[in-house]
Amino acid sequence: MVKRTLLSCLCMLLAFAGMSQNVHLFAYFKGNGEDGLHLAYSKDGYKWSALKGDSSFLTPTVSKDKLMRDPCIIRGGDGLFHMVWTVSWNDKGIGYASSKDLIHWSAQQFIPVMAKEDSARNCWAPEITYDAISKTYMIYWSTTISGKFTETAATKESGYNHRLYYVTTKDFKTWSATRLLYEPGFNVIDATIVKEGKRYMMVMKDETIEPAAKNLRLAFSNKLTGPYTKAGPSITGKYWAEGPTTLKLGNTWLIYFDKYTEHKYGAISSTDLKEWKDISAEVSLPKGLRHGTIFQVTAAEFKLLQQ
């Protein structure tokens, strides 16, 4: 009788553990971002499957172009999911919305983060990082401002010459002034920032055009808003990479990214952030997946997404 009771308790504990296990989600877009937000899931961080038949969870409504490219979703200190995205190739603002369950979303907002810069050409690939100590959100993106940083200007690729800018907020209603976040001395886009121990790690794309770099590099800071260190050497291979997003599994860091000239996704892994191994052959993702971010949901939240 005692053995049977212990066995029943063990089964219940195992069942509870399975129910409480977090699931990895990948928020991404397809095509040019016209149909909006797509989600894929993974139990192990390597093999990903599209949810909802790879159809959109949210259709874009803001800006003249009404695109939803480069979606970044995080869970905030308030328990809500907060998302920002690229609304256009050449607008001076970004998109924002929030949700309790990733199914029902708030009204979409257009945040004119570069409106005061007359020569700003764009706002690309915005992301959010949350500072739990100050309870502050930092939203950051890349922008080309004509006439600035002329020492790294080029004529190819429409003359884009980006740097990283940011605003902060505690409530997504009031915003700080827009400030320069990072000037690495080269054309830089697609930054993502995560907590790494007691410091912050920035993964960015070196977008140098002449001669072409087009690789991923790292920088670090003790504060979310910087200053960040000089960018380290390339951590990706002899291919063009962009749109990085990170995932930590135990002691191993994974960085997913778009091998966009090869029309496929890649990934690298490291346990020390110095030596990186290409694990592209070990991962699989939905066809057509483009620049997005990885985050976690509970088993209960995941179950709702499957209905």
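This is a predicted model: local features need pLDDT of at least 70, side-chain atom pairs count only at pLDDT 80 or more; totals for chains, interfaces and linings use all residues.
Let me begin with strand β8, which gives five residues to the lining of the largest pocket, the largest share from any element; strands here are DSSP runs of E of at least two residues, and they are numbered from the N terminus. Residues are numbered from 1 along each chain as its sequence is written, and side-chain values use heavy atoms, with hydrogens and water left out.

In that largest pocket, 26 residues make up the lining, and I74, V194, T246, I294 and F295 lie nearest the centre. Two or more lining residues come from each of β4 (69–75), β8 (124–131), β12 (188–196), β15 (242–249) and β19 (290–297). A pocket, on a 1 Å grid over the protein atoms alone, is an open set of points where a 1.4 Å probe fits, with protein on both sides within 12 Å along at least five of seven lines, and lining residues have an atom within 4 Å of a point.

The second largest pocket is lined by 20 residues, with R69, W89, W124, I189 and E242 nearest its centre, and β4, β8, β12 and β19 each supply at least two residues of that lining.

Finally, K214 sits in the loop between β13 (199–206) and β14 (215–221). Is K214 buried or exposed? K214 is buried, with a relative accessible area of 1%, where buried means under 20% and exposed over 50%, using a 1.4 Å probe and protein chains only.

Notes
Helices (H or I, at least four residues) and strands (E, at least two) are DSSP runs, numbered from the N terminus.
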